[in-house]
Each structure stands twice: as structure tokens, then as C-alpha cells.
Amino acid sequence: MFVTDTLLHRLKRGCETMQYPDGPAPPLPDRHGGTLRVDAAKCADGCRACLPVCPTEAITRTDGKPVALDLGRCLFCAACVDVCPEGAIAQTGDHRMAVRDRRDLVLGEPGHEQLRLAAALDGKLKKMFGRSLRLRQVSAGGCNACESDTNVLGTIGWDLGRFGVQFVASPRHADGLLITGPVTRGMELALRKTWEAVPDPKIVIAVGACAIAGGPFVGHAEAHDGAAAIVPVDLFIPGCPPHPLTILDGLLRLLDRLDERPVERPR
Amino acid sequence: MSAATPFSLLANASSMSWAEVPEWPVAEFVRITSAELDRGARLCAWFGAPEGEVAGTPVRIVAVLAYDADNTLAVGRSAPFNGAYPALTVTQLQAHLFERELLEQCGVTPEGHPWLKPVRRTTVDAPANDPFFRVEGGEVHEVAVGPVHAGVIEPGHFRFQCAGEEVLHLEIALGYQHRGVERALRGGPHRATRSQMETVAGDTTIAHATAYASVLEALTDGEAPLRAQWLRALALELERLANHTGDLGALANDVAFLPTASACGKLRGDFLNLTAELCGNRFGRGIVRPGGDRYTLDASRAAVVSKRLDAALVDTERAVAWLWDAAAVRARFERIGVVFAAQATALGLVGPAARACGLVRDVRYDHPAGWYRFAQAPVVVWPGGDVFARARVRSLEIQRSGAFLQEQLGAPPDPESARDPAPPAPGALAVSLVEGWRGEVCHVAITDAAGRFQRYKIVDPSFHNWPGLALAMRGAAISDFPLCNKSFNLSYCGFDL
């Protein structure tokens with residue numbers, strides 16, 4: 001019988017939702033690599049080996065300055081890690097990547113070797129959204145990878161609903177937007193209208209290299225180089241696409257739902 | 001069938017001299033192409049190749065045909081021309097979108113085309129969609145959906161003409177996702193090209209990346225190491241498993257059948273994680289590289305993948321069986337969104353959408369390239385053309401791809417090191433077809449005298465199949481749209497490029 005079969009099977013499987021964040025985070029695949037760390041002090045004088053291999057020109061070096069890697073543009077292909085003769089760019093295996101300030105994604109300067117992770121919302125916003133956040137998702141030129149791995153958070157393994165976070169079908173019901181894609185010209189009007197339709201106060205989350213900086217399409221006339229060209233962005237989650245764990249970490253970090261303390265900004 | 005064709009025959013994933021592609025004056029070319037399609041050929045691509053950079057330079061139309069039964073492709077082209085030409089769409093429906101695109105990209109007008117609107121042109125901050133096809137009448141009303149949809153999904157606009165619940169006509173207007181992929185390829189390959197190919201449609205990363213790599217390898221006359229071809233086939237089938245499983249879950253969700261929906265949602269992730277086991281990325285970014293591959297799959301890793309694959313396949317089989325057992329599901333799937341075989345042939349549908357109409361059409365079988373020359377999975381066909389058939393084809397393909405993967409994981413070819421591809425040959429044309437999970441991915445490259453891309457054409461399976469969804473909705477209830485849409489699950493960005 002179908003009904004009893006289904007129930008028995010469900011019973012046998014038990015709860016399939018992960019323990020995280022109360023338990024340890026599920027491990028990233030061993031070849032994932034996680035976020036990058038840049039020890040520009042190791043860079044040899046005049047070395048530019050990593051510059052031409054980067055597909056999105058995320059790495060720059062001006063004369064006399066250390067190398068600068070913009071994780072907002074980064075596709076995490078690790079081509080730079082492979083070519084660096086000094087091991088100055090390294091994978092850390094760390095899934096945590098979300099930041100509040102776009103400038104925090106640029107690594108390389110002394111003291112800025114690693115990401116400074118996002119701080120939580122404060123005061124009124126935290127009180128309003130900390131236990132209940134409704135998001136409207138707008139794909140604006142996204143390739144359906146960021147969208148898919150955002151959708152994954154709704155499945156039983158991740159169960160985003162347990163944090164009070166939910167994707168809603170109307171901007172009028174939303175507390176903010178989650179944007180994917182570089183924001184194509186074709187989506188400019190739709191994105192602006194959607195943003196205007198969300199009641200104040202509202203937040204905007206940019207997910208993926210495209211939404212942060214244009215991704216593989218950076219510099220294209222047919223698209224903007226990310227969501228910040230159209231609307232103010234409160235949280236940046238890098239990746240191409242970010243692993244679901246990276247997205248979840250960003251959301252929980254913003255809502256102050258992680259026990260660990262946010263990394264202090266050294267300024 | 002192909003024996004008498006005046007076109008040049010070409011195998012999948014191979015190249016020929018651009019100068020030797022046969023040409024005709026454009027009117028004659030349209031007539032010959034139409035005759036070939038009448039004889040059973042299929043239109044894989046129909047696009048313009050401008051003779052130079054400057055706007056207003058003469059344009060050649062290029063046709064890539066597939067003679068599926070003869071396992072061969074064929075190419076032909078028109079002489080350069082400006083202005084107008086007699087539309088192929090008048091006799092061949094499958095050219096409909098291709099000719100709208102031709103006008104938009106190259107400025108040549110297909111005369112007699114019944115619905116000559118832009119495909120993806122943006123005016124200022126939105127696509128140039130107007131005017132829409134309208135049905136007049138006292139009881140007729142119009143429903144507009146999108147571009148931003150209710151879920152976490154890409155944007156597109158659907159305009160329904162309805163009489164009550166019944167949909168008289170659906171017009172699908174896309175273009176919101178246009179990122180300028182083909183324009184950026186001119187003069188390439190560039191440093192971002194491989195990443196762009198992987199994101200033409202992000203859920204079809206492997207298929208598009210494989211088509212691109214095959215085109216480049218055909219242009220350099222250097223095949224990838226067998227080991228790399230093997231790995232590409234594994235990744236392609238994993239991509240199919242993940243997406244088909246996700247689709248079945250989404251279909252179950254759309255008829256409020258939650259056991260399968262929640263199980264498949266998780267299982268889809270299990271398949272994505274297997275791809276991540278190969279390369280670290282759940283969508284297979286970085287696996288496929290022209291000339292060879294960055295990642296190796298040794299015996300111990302293959303054993304881990306095989307074991308986890310087995311578990312996921314067993315769970316998927318069980319979760320999908322619940323669907324077929326539930327009368328409530330069958331009642332919602334059967335006879336909903338029907339596309340007849342004759343319509344599918346006329347529209348040139350590809351992939352599971354075509355096979356669910358009973359058409360035997362699968363690049364892996366008809367035009368095998370890469371690893372599929374040595375190993376095949378049986379083609380899955382189901383008659384009916386309804387939502388049920390499209391779901392059924394997917395579930396059977398999960399079984400077949402699963403068996404294929406288990407077999408191939410245990411039979412790796414000897415390791416070979418990757419080789420850096422030579423520069424592409426000048427003045428050549430290369431074609432590559434890959435059976436992605438949605439259907440036929442077609443890439444065509446034409447190189448200039450310096451071996452750079454003079455024209456690079458990408459045809460995502462969605463480009464063939466969106467009109468199929470519009471047709472499936474004709475006469476259906478508008479409340480069935482989400483279900484029908486999901487049963488096709490087409491790509492917006494793959495169409496918009």
C-alpha cells in the first residue's frame with residue numbers, strides 16, 4: 001500500500017535535516033577549496049604570474065604595491081593558486097565568505113590577507129528581521145546555478161524555514177531582496193520596480209560573483225557589473241555559485257544566529 | 001537520405017574548411033534547405049555570419065542540418081547578401097525563432113515571416129516585447145505573468161489570451177537574461193570564454209563546456225585524451241541525474257505530492273555533491289577544459305562515487321515509484337499539456353520533450369562523439385506527449401544514466417596527460433552537438449584568417465523547445481501552466497544568451 005509504504009519509509013529515514021548550526025557544519029567536498037587567502041608579502045618583486053590566468057581580471061597589481069585579489073569578482077577556479085610560484089594565494093577550505101562591505105572582499109594589503117566576515121544587523125533591523133526574514137528573490141541574468149543552490153536551502157536537508165527565513169511570492173510581503181546575476185539591462189526596470197515595492201526598512205543580499213561584480217560577464221555592455229549599480233547592497237556572498245553552506249552562513253551571520261563572534265575589523 | 005544532399009556532410013565534433021562549405025544564392029539556399037528538411041533532416045542551427053565587423057556588411061546564412069537516421073550532420077550557406085530574403089519559416093516552422101534572431105543579430109529581413117518580433121533585444125531597461133499577439137472578443141481576457149516569478153527562478157514573461165480558464169494562446173517573451181554571450185565571443189577565445197561557456201546555462205555547465213571544448217579541439221585537430229572524454233561523459237550523466245531528479249521532485253511539488261517532492265529535493269543535492277566530488281563544484285565548473293582536464297578520478301575516488309551513486313539511485317527509484325503508484329498524481333499528469341508527435345517534429349523539439357512525444361532523437365545515439373562512440377545508454381522514448389510522458393522519460397533516463405555511470409565508473413581508460421591545445425585553425429567551421437539533460441546543445445564556430453572566432457553560434461535546447469510549451473498550453477486550463485512549465489523546465493538564460 002502506497003500510504004503505509006510512504007509512512008514507513010519516512011519513519012525509517014528519520015529526520016534528515018542537518019544539525020548545523022547547533023552541530024558542526026557539513027564538510028565541503030575535499031576539492032572545493034573554500035575561500036582564498038592572499039599573503040601578498042610573499043609575492044616576488046614584479047611577479048605577475050597570476051594576473052593573466054584569472055578569467056575575470058580579479059587580480060591586479062600596481063607597481064610598488066602588493067597583489068590585490070577581489071573575491072567579489074573571483075570564480076574560485078584556483079588558476080591563480082596553481083600558477084603562483086611563492087604560494088602567496090592559498091585555498092583555506094573555509095566555507096565562510098559573506099561580507100557587509102564590498103571593500104572587505106579585496107585581499108592582499110598587509111592585515112587584509114583574509115576576509116573580514118560580515119557583522120550582524122544591528123539595533124532595530126536585527127530586532128525586526130532576526131527571527132523572521134522574508135525574502136523576494138530576483139534573478140537578473142543569473143545562470144540558474146546561484147538560483148538552484150539558493151533553492152536547495154529550502155529542501156529537507158537544510159530546512160531554511162527553521163531559522164524563520166522564507167522566500168515569498170510578492171515584494172509586498174518581503175523584508176528584502178536576494179539578487180542573483182549581473183543585472184542585465186533587460187532586468188534593470190524589473191529589479192528597480194521590485195525593490196521599490198518592498199516596504200521600508202529593507203535589506204538587499206547579492207549572491208554570487210555575477211551579482212557582486214558581473215562575474216564572467218564583467219564589463220559587458222548588455223549587463224551592469226552587479227546589483228549595487230541599481231540598489232544598495234547590505235550583504236555580499238561570493239562564489240560561482242556559492243556553496244549552499246556559504247549562502248546559509250551569510251544569512252545566519254547577518255541575522256546574528258551563529259554563536260561564533262563576528263571577526264573584528266582591525267581598523 | 002543524406003546520400004543525395006547537396007550540403008557538405010560533417011560528423012559531429014569535427015571541422016571543415018569554411019571556403020569549402022557549399023553556397024547558393026540566398027533564395028535558392030532557402031529552397032534547398034526547405035527541401036532537405038522535408039526529406040527528414042532536422043534544423044540544428046540557422047544563423048547569420050556577417051562578412052565583416054562593420055554594420056551593414058553583407059551576411060551569409062549558415063544552416064546546420066542533422067540527418068539523425070544516417071548519423072551525420074550537414075552544412076550549407078548562402079552567398080553574402082544584404083536586405084531581405086524569402087523566409088524559411090513560411091514552409092518550416094522550426095526556423096521561426098532562428099529567423100527572428102537573424103533579423104535581430106544581422107539586420108536581414110526574412111520576408112513572409114508571420115511574427116517578426118525581437119528575440120532578446122533590450123530597448124533601455126527592459127526587452128522590446130510589444131506588441132503581443134491578441135485575441136479579441138467579449139469574453140477574452142489577458143493574463144500577464146513575469147518577468148519576476150513567484151519562486152526562486154529565472155525571469156521571463158508569459159502572456160496568456162484566455163476565455164475563462166481556457167488558454168487560447170500563450171506568447172512567451174524572453175530576453176530579460178541577455179548577457180551578450182555571442183557578441184563577446186567575436187575575436188575569441190578570450191580569457192573569460194571558458195567561464196562564460198560554463199554559465200551559458202548554469203544547470204547545463206557540462207553540456208555547454210563539452211560542446212565548446214569539442215569545437216576547439218575540432219578546430220585544432222587534436223582530440224582530448226580518452227581519459228578526459230570519459231570524465232566528461234561521467235559528469236554529463238551526473239548532470240542529467242541531478243536535474244531530472246530535481247524536475248521529478250518539482251513536478252510532484254506542483255501537484256502537492258510532498259513525499260516525492262521532499263525526497264527528490266534532497267536527492268538532487270546528493271547527485272550534485274557527486275559532481276562536487278569530481279571537481280569541488282556542484283555544477284561541474286572547471287571539469288571540462290579544451291585539450292584535457294584539470295581533475296583526475298582515480299580508482300579509490302571512483303569507488304567512493306560509485307558507492308554513493310548506488311545509494312542515491314536506490315533512494316531515487318523508491319521516491320519516484322511513489323509518484324507512479326499515486327492515482328492522484330496520475331490524474332494530474334495524464335492528458336495535461338499534450339504535444340503531438342507531428343507538432344513536435346514540425347517545431348523541431350529536442351531532448352526529453354521530443355522523446356516524450358515518441359520521437360527517437362538523442363545526440364548520444366544519433367551523433368555519438370567523445371566517449372559515447374564507445375559506450376551508449378539506450379534511448380528512452382515514451383508516447384503521449386503529455387506531462388506524464390515527460391515525467392516518465394525523465395525517470396527512465398535516470399535509470400539508464402545510472403546504469404551507464406555504474407558501468408563506466410568501473411572501466412576507466414588509461415591515464416593520459418592533458419595537452420595544451422594548439423591555436424585554432426584559420427578559415428574553418430566546426431560543429432559540436434552534445435545531448436544535455438534538456439536536449440541538444442549545438443555550438444558552431446567559424447574562424448577568421450587569424451584563427452579567431454569570426455562567428456560563434458550557440459543553440460541551447462531551450463531555443464527549440466520554448467515554442468513546444470506554448471503549444472502544449474493551447475486549449476489547456478491556465479491553472480495547469482505551472483505544471484506544464486515544470487514538465488518542460490526550460491532555460492531562460494540559455495535562450496537569452
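## A loop residue in chain A

Asp39(A) sits in the loop between β1 (36–38) and β2 (59–60) of chain A. Its relative accessibility is 15%, so Asp39(A) counts as buried (under 20% relative accessible area, with a 1.4 Å probe and protein chains only). Beyond its neighbours within four places in sequence, Asp39(A) is in contact with Ala88(A) and Glu113(A); contact means heavy atoms within 4.5 Å.

## Basis of the model

This is a predicted model, where local features need pLDDT of at least 70 and side-chain atom pairs count only at pLDDT 80 or more. Residues are numbered from 1 along each chain as its sequence is written, and chains are lettered from A in the order in which they are written.

## Helix α5 of chain A

Helix α5 (residues 185–197) of chain A has 13 residues. It reaches 19 Å from its first C-alpha to its last, close to the 18 Å expected at 1.5 Å a residue. That expectation is 1.5 Å times one less than the number of residues.

Buried residues of α5(A) include Met187(A), Glu188(A), Leu191(A) and Thr194(A). Among the elements covering the buried residues are β6 (133–139) and β8 (176–180) of chain A.

## A helix pair in chain B

Helix α6 (residues 226–254) and helix α7 (residues 258–279) of chain B pack at about 165°, with axes 7 Å apart. They are therefore roughly antiparallel (angles over 145 degrees). The contact involves residues including Leu238(B) and Gly246(B) of α6(B), and Leu267(B) and Phe271(B) of α7(B). The contact residues divide into 14 nonpolar, 6 polar and 1 charged. Ala, Val, Leu, Ile, Met, Phe, Trp, Tyr, Cys and Pro count as nonpolar, Asp, Glu, Lys and Arg as charged, and the others as polar.

How values were computed. Side-chain values use heavy atoms; hydrogens and water are left out. Axes are lines fitted to C-alpha atoms, for helices over the stretch in contact, and angles run from 0 to 180 degrees between N-to-C directions. Helices (H or I, at least four residues) and strands (E, at least two) are DSSP runs, numbered from the N terminus. Angles under 35 degrees count as roughly parallel, over 145 as roughly antiparallel, 65 to 115 as roughly perpendicular and the rest as oblique. Buried means under 20% relative accessible area, exposed over 50%, partly exposed in between (1.4 Å probe, protein chains only).
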